[in-house]
Amino acid sequence: MTGSANRGRWGIVALVFFAIMLNYVDRQILALLKPTLEVEFNWSDQDYANMLSAFQVSAAVAFLGTGWFIDRVGLRLGFAIGVAVWSLAGMAHAVATSVGGFIASRVVLGAAESVGTPAAVKSAATYFTQKERSFALGVGNTAPNIGAIVTPLVVPAIAVVFGWKAAFLLAGGLGLVWVVAWFAVKVPPVAETGAKPTPIRWASLLRRRETWAIAVAKVLSDQVWFFMLAWLPDLFHRMFGLPQGTVGLPVALAYVMAAAGALTGGWLPGRLMARGWDVNRARKTTLLIYAVLILPVTLVLVVDSAWTAALLLGLGLFAHQGFSTNVFGLATDMVPARAVGSTIGIAAFCGNMWSIVLIQLAAVSLSHGWGYGPLLAICSGSYLVALGLVHLIIPRIEPVDEIDTDVVILAH
């Protein structure tokens, strides 16, 4: 591969990185502006939970089609359409005046943003070899964290100076600029064979143990991620009395640690494989390490300092992102590149739908005076359960043989 082509591949990774970062900026703005918006529009915790649930349902249902959409239409056009639509939906929040208006904006935002995950994973599977994919996935998986770091640092300041509407308009506008840059970059995919892709039969994917192993892992890990993303600012506001202007600082610290987790999650299994470990041992050992690291998150309930709580929650998010990076790695280990988007779409549907349970449970727990204790306990144990189930479904990971696996998929 020439030096220019190799640089072009990493240029694609950079663009994917910024798209997913903006994806998480758009979705997190609402959580950070909750104290302001709930006063202006007289929201309850249940109203807020319903907005979050509308987003999750919309994203989950869309995931059933966006993975297939990316596989069929292609990465370039499909990703561009998704980013353009979610950017416009984010901007629509600025003109919403009721709970119904915000819910409608969240529904469109959730549906369009579902393009991001299968597109990012398919980028790694398409532009990189198997040995390079874990690192590429790790870099890409830092994007949500960078978005989650930048948003609490920037959005409150924008809202104070220019008003809350400006935050939604600015983030959406940046997404439209990204679409122009995406079409300006042209790099031939490494995995492209020149043949027209054969249609993926979803019935065959649903019969594969690999699909359900990835789905189970996404269900039990995604519920924690979406809970944290939606309720972390409120947790600091309620438990430590932090006002809107300062609540973003400990939130940002927690997501700095999450970004580090994504990077180590991509680096560690590759390092273990370089030392002679097979894929099965390297991947599952890495998953186990991160599943153990999140166990202390419940200690947040007994600390007095918001910064100590941020470190504990940050450790949990560090573990989540390391774990999540390796769940995506599982997909590229076990699924042929042309079916990765559809497989991730199925798994993401399951993860998003189940996440609604924890989001709604948060509103119930808070309204009944139970606080965040039951929610943090669920977060703590989810990853060990997920790993146990993955091992039960896939006792041994065997790296995919692209040609042979395609024959199996098409035969069913």
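Q: What makes a residue buried, exposed or partly exposed?
A: Buried means under 20% relative accessible area, exposed means over 50%, and partly exposed lies in between (1.4 Å probe, protein chains only). This is a predicted model, in which local features need pLDDT of at least 70, side-chain atom pairs count only at pLDDT 80 or more, and totals for chains, interfaces and linings use all residues. Residues are numbered from 1 along each chain as its sequence is written, and side-chain values use heavy atoms, with hydrogens and water left out.

Q: Why is phenylalanine 183 called partly exposed?
A: Its relative accessible area is 38%, and the term covers values between under 20% and over 50%, so phenylalanine 183 counts as partly exposed. You will find phenylalanine 183 in helix H9 (residues 164–184); helices are DSSP runs of H or I with at least four residues, numbered from the N terminus.

Q: Which residues make the nonpolar surface patch?
A: Val73, Leu77, Ile81, Val85, Val107, Val108 and Phe183 make a patch of about 510 Å². H4 (75–92) and H5 (99–113) each supply at least two of the patch residues, with the largest share, three residues, coming from H4.

Q: How many cavities of 30 Å³ or more are there?
A: The count is four, where a cavity is a set of points on a 1 Å grid where a 1.4 Å probe fits but cannot get out.

Technical notes: Patches are made of residues with over 30% relative accessible area and no salt bridge: like charges are joined within 9 Å, nonpolar side chains (Val, Leu, Ile, Met, Phe, Trp, Tyr) within 5 Å. Accessible areas come from the Shrake-Rupley method with a 1.4 Å probe; for residues, only the protein chains shown count as cover. A salt bridge is a side-chain nitrogen of Lys or Arg within 4 Å of a carboxyl oxygen of Asp or Glu. On a 1 Å grid over the protein atoms alone, a cavity is a set of points where a 1.4 Å probe fits but cannot get out, and a pocket is an open set with protein on both sides within 12 Å along at least five of seven lines; lining residues have an atom within 4 Å of a point. Grid points are joined across faces, edges and corners, and a volume is the space filled by probe spheres set on the points.
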